[in-house]
Amino acid sequence: MKIKKKRLTDFAVNIFISMGTNEDHAKEVATHLVEANLKGHDSHGVSLIPDYFSSWNKGGLQANADATLEKDKGSIMLVDGNLGFGQVVGRQATDMGIKRAKEVGLACVGSRNNHHLGRIGAYGEHCAKAGLISIHFVNVVGHPPVVSPWGGREARMSTNPFCCAVPTSKGPIVLDMATSAIAGGKVSVANKKGIDVPDGCLFDANGFPTNNPSDFFTGGTLGPFGQHKGYGLGLICELLGGGLAGEWTIQDIDKQENGVTVNGMLMFIIDPDLFGGRSGFEREVKGMSEWLYASQPSSGFDKVRLPGEPECESMAMRLIDGIVIDDQSWLDIVETAKRVGVSEKKIPT
Ligand code: NAD
């Protein structure tokens, strides 16, 4: 299926509204998911709709919940997402942090009990739009682990994303990544498309490296990116996003099986004005960017990019060309739409 942004967004909004979601929440979730597709992260786009339906259907996802401020002292806030759509309650927690960072220069927000937050870069970009720097440590619970620790054969961790966004006058620099060698959703997308995953990302049930995405679904594991370093950063995400902010880490075996994905997130939001001043910081960011761009490309590359640029390039292309959804994902989304009662007329063909 090849579809333009507006038609896809309207379809996703219809599905969420048919699940009983209020219009504002439905629009916010649909917009976030379609933007993930536009930015090239199909694993975090509309193909998640059947999973979200499944979470809601089993009473896990609370479609109309809002975030609530549970504790508030100085620059520190604890926010409960009440199992609402992560795209809504995670953004609400981020807004609380943005407001506090603008008041006192720094906010540290623990955001817990969020249903799947989607693309973490969205929260970094939201802070950057407000002129603020942000750092996000995230864990993933509610289903069994999928990532093996460095030196271990069994899955003991999840894909625990890390994000840091830095505002610049030309758009933010956004490092937004899973700490596994590849995001779990990308293995599912590769499996549906029938293509291999890159070298070094996946191990089969016996701990041997494999490129076959189907091995993941028969006891295989994802490896950490960058060997022991990615494993270490993933663990820090688990301890800060999960242990500190969420009070729920993946070692709690009793809570692994419910199949409702929950993210805990610890965010630091910083006003760059309060250090040497915004202009000095911007000068250094600009200087550093130009310094990197001036590097000769190495073999196999056309140029040096900054983190966040591949997503902007994808978005520019997909806004014109449309978004391609693989056949299996589209069938699953349409099936979900029918189950929640979206009329045939409103299903794009
Ligand atoms: P990725 O490997 O595609 O990109 C990671 C980072 O590298 C990005 O910031 C990207 O801009 C940058 N990058 C890529 N190519 C580059 C280049 N040539 N030069 C400079 N920078 C470059 O991302 P990923 O690890 O597959 O993660 C995909 C998405 O999955 C992210 O949005 C992440 O937040 C999301 N995720 C979410 C969860 C969750 O539970 N909510 C879990 C895991 C991942």
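Predicted model: local features only at pLDDT ≥ 70, side-chain atom pairs only at ≥ 80, totals over all residues.
1. Helix α1. This helix covers residues 5-18. The buried residues of α1 are Leu 8, Thr 9, Phe 11, Ala 12, Val 13, Ile 15 and Phe 16.

2. Surroundings of α1. After α1 comes Gly 20, which has a positive phi near 95°.

3. Packing of α3 and α10. Helix α3 (residues 49-57) and helix α10 (residues 327-340) have axes that come within 8 Å and cross at roughly 35°. On the α3 side the contact is made by Ile 49, Pro 50, Phe 53 and Asn 57; on the α10 side it is made by Asp 332, Ile 333, Thr 336, Arg 339 and Val 340. Sorted by class, this contact holds five nonpolar, two polar and two charged residues.

4. His 25. Two polar partners are found for the His 25 side chain. One is the side chain of Asp 66, with a polar contact at 3.1 Å; the other is the backbone oxygen of Ala 63, which lies 3.2 Å from a polar atom of the His 25 side chain. Beyond neighbours within four places in sequence, the residues in contact with His 25 are Ala 63, Asn 64, Ala 65, Asp 66 and Val 88.

5. Lys 102. This residue belongs to helix α4 (residues 86-104). Its side chain reaches the backbone oxygen of Ala 130 at 3.2 Å. When neighbours within four places in sequence are set aside, Lys 102 is in contact with Ala 130 and Leu 132. As for Gly 131, it stands 29 residues from Lys 102 along the chain, and their C-alpha atoms are separated by 9.4 Å.

6. Strand β5 and its partners. Strand β5 (residues 133-141) is mostly covered, with eight of its nine residues buried. Which strands pair with β5? Strand β11 (residues 262-270) pairs with β5 in the antiparallel sense over nine bridges, and Val 140 has Asn 263 of β11 as its bridge partner. Strand β6 (residues 162-166) also runs antiparallel to β5, joined to it by four bridges; here Phe 137 is partnered by Phe 162 of β6. In general, the strands of a sheet pair through backbone hydrogen bonds, either parallel or antiparallel.

7. The sheet β9-β8-β10. Three strands make up an open, antiparallel sheet in this order. Its edges are β9 (209-210) and β10 (221-222), each of which pairs on one side only. Strand β8 (residues 202-203) is joined to β10 by two bridges in the antiparallel sense, and Leu 202 stands opposite Leu 222 of β10.

Methods:
Residues numbered from 1 in each chain as written. Heavy atoms only, no water. Pairing = 2+ DSSP bridges. Buried < 20%, exposed > 50% of the residue type's maximum accessible area, 1.4 Å probe, protein only. Axes fitted to C-alpha atoms, helices over the stretch in contact; angles between N-to-C directions. Contact = heavy atoms within 4.5 Å. Nonpolar A, V, L, I, M, F, W, Y, C, P; charged D, E, K, R; others polar. Polar contact = N/O pair within 3.5 Å; in protein donor to acceptor, adjacent residues only side chain to side chain. Expected span 1.5 Å × (residues − 1).
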